[in-house]
Amino acid sequence: MDVWLIGAGGHARVVADTLIAAKGTLLGVADDQEARWGQAFLNCTIHGPAQPAVLDGLRARRLILAIGDNRVRERLAKRLNTLTFASELVHPSAWVSPSAGLGMGTVVFAGAILQAGASVGDHSIVNTKASIDHDCRIADFVHVAPGATLCGGVEVGGGCLIGAGSTILPGVRIGAGATVGAGATVTSDVPPGTTVVGLPARAL
């Protein structure tokens, strides 16, 4: 896989490591932050801004949005929708069932697990050692943070953040744009746009 990364922050460095571990090649990096332009990023120079005209001029093909913030990632996907995004990127130490599905531009980090029948939408993040069990349905622009556990049949709406070390019990539905706090245990459905924390999880 030969790709350009959009974003040059800490999350992008982990995506780059995942790409290298998967025997891919980093062709270039673009970022909107002018202070980063011209700086080195691994063997590349950071270009900017991340606009279609700039990326076309650089012959940037097969992009991955290497940004942890769901809303920023979604805005960039809309801005760059005339360009080509890479298919999913999976670290070789992750386990993805042959019957699981991954959307365009989704990245699966080291040690993560996706079991039979699970699906993850476009431009989502399955972070380090996250576990997504059988038949879960994860929508677009979701971030499943490190160590999160989604038991079987969980549904997660678009743009959600599932916090580090949290647990979502079987069959629970997390509405679009919701946030599950770090370490929370979610035992019942979460309405869209709601933040829940604690054990058992309660709305703030």
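This is a predicted model: local features need pLDDT of at least 70, side-chain atom pairs count only at pLDDT 80 or more; totals for chains, interfaces and linings use all residues.
A disulfide is a pair of cysteine sulfur atoms within 2.5 Å, and by this rule the count in the structure above comes to zero disulfides.

**Cysteines**

- Cysteine 151 is in no disulfide, because the nearest cysteine sulfur, which belongs to cysteine 136, is 7.8 Å away, whereas a disulfide needs the two sulfur atoms to lie within 2.5 Å.
- Cysteine 44 counts as buried, since its relative accessibility is 9% and the cut-off for a buried residue is under 20%.

**Helix H1**

- Helix H1 runs over residues 10-21, and at 1.5 Å a residue its 12 residues should span 16 Å, which agrees with the 17 Å that separates its end C-alpha atoms.
- The buried residues of H1 are His11, Ala12, Val15, Ala16, Thr18 and Leu19.
- When one looks down the axis of H1, these buried residues fall within an arc of 160 degrees, and therefore they line one face of the helix.
- After H1 comes lysine 23, which has a positive phi, near 65 degrees.

**Asparagine 70 in helix H3**

- Asparagine 70 lies in helix H3, which covers residues 70-79, and this asparagine is buried, with a relative accessible area of 10%.
- The side chain of asparagine 70 reaches the backbone nitrogen of histidine 143, at a distance of 3.5 Å.
- If its neighbours within four places in sequence are left aside, asparagine 70 is in contact with Phe141, Val142 and His143, and also with Gly159, Cys160 and Leu161.

How values were computed: Residues are numbered from 1 along each chain as its sequence is written. Side-chain values use heavy atoms; hydrogens and water are left out. Helices (H or I, at least four residues) and strands (E, at least two) are DSSP runs, numbered from the N terminus. The expected span of a helix is 1.5 Å times one less than its number of residues. Buried means under 20% relative accessible area, exposed over 50%, partly exposed in between (1.4 Å probe, protein chains only). The arc is that of the directions from the helix axis to the C-beta atoms. A polar contact is a pair of N or O atoms within 3.5 Å; within protein, one must be able to donate a hydrogen and the other to accept it, and residues adjacent in sequence count only if both atoms are side-chain atoms. Contact means heavy atoms within 4.5 Å.
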